[in-house]
Amino acid sequence: MDLKRLPWIFILLCTVLFSQTTVNDIRSFTLKNGMQFLVVEDHSIPNANMFIFWKVGSRNEVPGITGLSHFFEHMMFNGAEKYGPKEFDRVMEAAGGANNAYTSENVTVYTDFFPSSATELIFDLEADRIGHLALDDQMVESERGVVMSERTMYMENDPWTLLEEQVKGAAFLAHPYRWSVIGYESDIRNWTKQDLQTYFETYYAPNNGLAVMVGDVNLEELRSLAKKTIEPIPSGPAPRAVHTTEPEQLGEKRVIVHKAVSSPRLMIVYHVPETRHPDYYALEMLTEILSGGRSSRLYSSLVDSSQLAVEVRATMPMGFDPGLFYIQAVCKQDIEYLKTEAAIYGEIDRIVRDGVTDRELQKVKNQKLAAFYRRMETIDGKANTLGTYALFFGDYRKLSTAPEAYAQVTPGDIRRVAETYLKKTNRTVGIMLNTGEDS
Amino acid sequence: MKRGKFVRQFGWLLCLLSGFIRSEPFQCPPFERQVLPNGMVLILMEQHEVPLVSVSAVVKTGSVHDGEKHGLAFLTGQGLLLGTKNRCKIEIEESLDFIGAEYQVSVYKEETALSVSFMKTDEDLVLSLIADILMRPSFPADEFEKRKSRHLDELTNNKESPSRVIRAYFDQFMFGNHPYGNPVSGTEPDVGRITTDDVRAFYSKQYGPGNTVMAVAGDFKTDRIAKKIRHLFGEWKASGGPADAVPADIAEPEKPRVLFVNKSDAVETRFMIGGPGIPRNNPDYTGIQVINTILGGRFTSWLNDEMRINRGLTYGVRSYFSCFIRSGAFIISSFTPNATTEEALDVALEVYGRLHDQGPDEATLASARNYMSGQFPPRFETSEDLANLLTEMEVYGFDASFINDFQKQVSEIDTARAKKLIETYFPEDNFQIVVIGKGSEIRPLLDKYGSVTEKEITAHGF
């Protein structure tokens with residue numbers, strides 16, 4: 001089965017990227033103001049979406065305005081010239097649409113989900129806020145409360161939030177990835193309307209955005225709607241690049257965080273290159289080898305056989321700049337966390353020493369293929385995948401070479417990236433201990 | 001495990017069971033329903049958009065059948081994955097992981113669902129594994145003890161995230177000793193004394209073909225897969241099921257009550273305000289969802305508008321009907337920083353009062369009707385969505401008319417109909433309120449909402 005599957009992946013993915021839709025059916029046009037559109041017509045349901053990716057996230061912030069990208073994302077819903085406060089949501093929902101948005105370290109993404117009958121309205125709503133956002137003092141203040149509640153909600157319900165904030169702050173000395181996306185409480189309380197206005201002018205010019213639309217739409221109609229509504233919005237100067245390069249880490253860093261927890265949590269992070277780096281695919285496959293499924297290295301060893309942890313996971317978020325490779329574990333109760341930590345390093349050392357098997361690598365390739373199909377099953381999954389590839393790999397066409405890139409990764413590559421990046425001097429170890437517990 | 005990404009709002013559509021459109025609006029895609037000679041129900045729906053297949057195999061049992069040991073149905077369900085008479089746990093895990101399948105067992109009050117999503121080329125392997133897992137689990141003692149021990153940890157760890165446990169407190173408080181009050185995940189003392197003998201006995205009593213519905217949706221050929229499944233499951237002759245129905249008489253609350261759960265390090269208060277709801281097969285289900293959309297089912301809902309947008313009290317508030325086979329609960333759910341606890345509770349109750357005092361006008365209803373219709377199709381876009389829909393129909397006793405008549409039912413909700421639905425289904429008083437928060441800051445203000453019972457969050461159970 002192993003041998004049969006590989007060519008099948010090639011044939012299937014290279015030609016039939018979007019199952020019924022081929023990669024050649026992805027259409028693209030760019031408005032005169034520089035805003036790019038990617039469009040896939042998909043008539044499987046009478047609905048469509050619009051995902052607008054803005055190249056701004058917490059990496060574009062500076063001390064004093066940490067969290068502003070995320071707060072700004074909230075303010076994009078709070079009133080513009082034609083549609084005043086509350087109108088964006090009211091008008092959209094009354095037409096059968098819904099929306100959401102998210103902010104990460106790298107991007108801010110606005111998502112509209114609507115019956116295709118509302119397509120024209122969606123352009124009108126988006127053009128209004130992109131071209132003519134009107135910041136309202138009262139809305140700024142009530143939204144500050146909302147974001148404070150969002151912050152406390154995560155702090156109260158997800159112990160990882162607190163640990164991650166501290167670990168990132170230690171792992172990065174200089175690069176703005178060091179603060180959390182939601183920002184520090186004191187900054188949330190103190191930024192001003194002027195800070196928001198400056199942010200809008202700097203980062204929300206059409207040339208800094210990418211729109212992706214998938215669903216029951218027609219390319220030519222979209223093009224003419226985009227020309228009518230969004231093209232008149234003037235482009236802006238390119239935002240200043242984030243030029244800070246994180247200095248090389250010179251030794252292991254350890255961070256202890258105390259909170260009322262019944263068993264310790266570990267967050268071990270390693271510096272890794274940006275997503276466009278050639279090692280991306282091998283590292284991404286390494287996360288799967290470590291924790292993809294119950295038969296993965298870390299799960300089968302730590303959670304199952306030795307029972308040192310109840311949860312373990314390796315992840316590597318995409319990023320424009322060099323970022324972090326995360327390994328997280330919740331220790332089993334009454335287990336000394338140092339034992340769990342040592343077992344994690346033991347598994348990494350085993351990969352560095354003995355490599356991985358062909359079968360393991362094939363398993364990850366199979367998992368990647370199935371996961372790809374699951375994303376392609378919905379119009380929203382298609383839009384998000386397209387936009388993500390376009391931004392983080394620089395070109396949506398990279399989607400068509402991704403299968404080949406995964407297929408080319410060898411056991412030797414996995415071993416090499418584990419050895420290169422997952423080493424002691426390159427890591428920061430966060431340990432969450434119960435209040436009052438000695439480290 | 002979230003990673004540094006902050007979302008504007010939590011999903012609004014999670015709590016609705018809902019509908020579907022393909023090219024012909026509001027028509028359920030064709031499916032075939034068969035009953036095997038041993039009583040197992042098999043439902044097949046072809047979907048060829050991507051080369052994936054989803055199986056949802058549901059045994060009609062869950063925590064309502066726990067009896068004296070809460071967590072028994074849960075551990076039995078999880079125990080299915082620990083090994084069979086033919087395969088050990090590691091073989092099962094390795095086989096399914098290798099082909100990129102996703103699989104899990106989910107246990108609820110009245111159903112235990114084994115769901116598997118896989119690529120179509122692996123149909124034979126996955127079907128034989130599913131048959132093995134459902135028909136021949138071996139519940140090996142060593143694996144069972146490991147799983148149980150991990151679950152005990154999870155029970156403790158969950159208490160550190162109020163959002164994960166508030167619903168168990170609410171159900172216990174609302175339904176008391178009725179089986180609907182049983183916590184699905186069990187309690188520490190009960191889970192601690194569950195043995196493999198208990199689990200085997202539960203399996204023998206509750207699991208069997210006459211109590212099982214299997215739905216398959218995705219890229220396959222109906223005739224061929226039906227033949228394979230009938231062959232694999234035809235030999236299942238277990239004695240279990242159909243399970244005992246839960247008692248239909250559920251006491252209505254007679255007075256407003258508050259359960260306060262003290263979490264002394266809390267930085268926010270989380271609460272649920274609720275009352276009796278409806279069974280899933282209630283003929284007014286869709287109409288009720290239109291009203292709930294206005295109250296707390298979307299971003300511009302009355303509750304979210306007042307609590308989040310006008311006052312900045314919370315990141316989110318929602319209301320929903322949680323529906324079971326014979327009953328259900330109506331719940332308003334939100335959270336707020338400690339200092340604004342009283343204002344948030346007051347405003348939630350005040351806004352809810354508006355539903356009865358004034359009700360929605362025609363413009364608001366029109367907006368909600370459009371929203372319901374417009375957001376309907378994407379909810380059944382994947383094979384997994386469809387397989388779940390098909391098993392839910394069987395378990396909860398509704399049919400494809402839910403989808404085929406959805407548009408019509410939504411369109412019928414005018415102001416008169418809305419008024420009637422509100423009077424009939426939305427509890428007007430005797431609210432049952434659960435509050436988890438920091439006692440030293442919020443305890444004194446709870447008396448005014450009803451008679452208060454207090455628990456420590458660290459105490460066992462709910």
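Predicted model: local features only at pLDDT ≥ 70, side-chain atom pairs only at ≥ 80, totals over all residues.

Visitor: How far apart should the end C-alpha atoms of helix α11 of chain B be, and what is the distance in the model?
Guide: Helix α11 of chain B covers residues 341–357, which is 17 residues.

Visitor: Which residues of α11(B) are buried, and how wide an arc do they cover?
Guide: The buried set is T341(B), A344(B), L345(B), V347(B), A348(B), V351(B), Y352(B) and L355(B). These residues sit on the same side of α11(B), because the arc they cover around the axis is only 165°.

Visitor: Which residues are exposed on the other side of α11(B), and which glycine follows the helix?
Guide: The exposed residues there are E350(B), G353(B) and D357(B). After α11(B) comes a residue with a positive phi, near 70°: G359(B).

Visitor: Which strands stand at the edges of the six-stranded sheet in chain B?
Guide: The sheet is open, with mixed pairing and the order β10-β11-β9-β12-β8-β13. Each edge strand has a single partner, so one of its sides is left without a neighbour in the sheet. The edge strands are β10 (317–323) and β13 (451–456) of chain B.

Visitor: By how much are neighbouring strands of this sheet turned against each other on average?
Guide: Direction is ignored here. The average turn is 20°.

Visitor: How do β9 and β11 of chain B run, and what is the bridge partner of R270(B)?
Guide: β9 (residues 268–276) and β11 (residues 328–337) of chain B run antiparallel. Nine bridges join them. In β11(B), R270(B) has as its bridge partner F335(B).

Visitor: What angles do the helices packing on the sheet make with β11(B)?
Guide: Helix α5 (residues 137–157) of chain A touches β9 and β11 of chain B, and its direction makes about 105° with that of β11(B). α11(B) also packs on the sheet, touching β9, β10, β11 and β12 (432–437) of chain B. For α11(B), the angle with β11(B) is about 145°.

Visitor: Which element gives the most to the side of chain B that touches chain A?
Guide: The contact takes 64 residues from chain B and 74 residues from chain A. Several elements of chain B each supply at least two residues, including β1 (6–7), α2 (89–98), β6 (112–119) and α12 (362–374). The residues on the chain B side divide into 24 nonpolar, 20 polar and 20 charged. With six residues, the element that gives the most is α4(B).

Visitor: Is F462(B) buried or exposed?
Guide: F462(B) lies in the segment after β13 of chain B. Beyond its neighbours within four places in sequence, F462(B) is in contact with V165(B), A168(B), Y169(B), Q172(B) and P183(B). It has 24 other C-beta atoms within 10 Å, and the cut-off is 20 or more, so F462(B) is buried.

Visitor: How do P403(A) and I335(A) classify: buried, partly exposed or exposed?
Guide: P403(A) is in helix α15 (residues 398–408) of chain A. P403(A) has 20 other C-beta atoms within 10 Å, so it is buried. I335(A) is in the loop between β10 (323–331) and α12 (337–354) of chain A. With 19 other C-beta atoms within 10 Å, I335(A) is partly exposed.

How values were computed:
Residues numbered from 1 in each chain as written. Chains lettered and ligands numbered in written order. Helix = DSSP H or I, 4+ residues; strand = E, 2+ residues; numbered from the N terminus. Expected span 1.5 Å × (residues − 1). Buried ≥ 20, exposed ≤ 12 C-beta atoms within 10 Å, placed from the backbone. Arc of directions from axis to C-beta. Pairing = 2+ DSSP bridges. Axes fitted to C-alpha atoms, helices over the stretch in contact; angles between N-to-C directions. Contact = placed C-beta atoms within 7 Å. Nonpolar A, V, L, I, M, F, W, Y, C, P; charged D, E, K, R; others polar.
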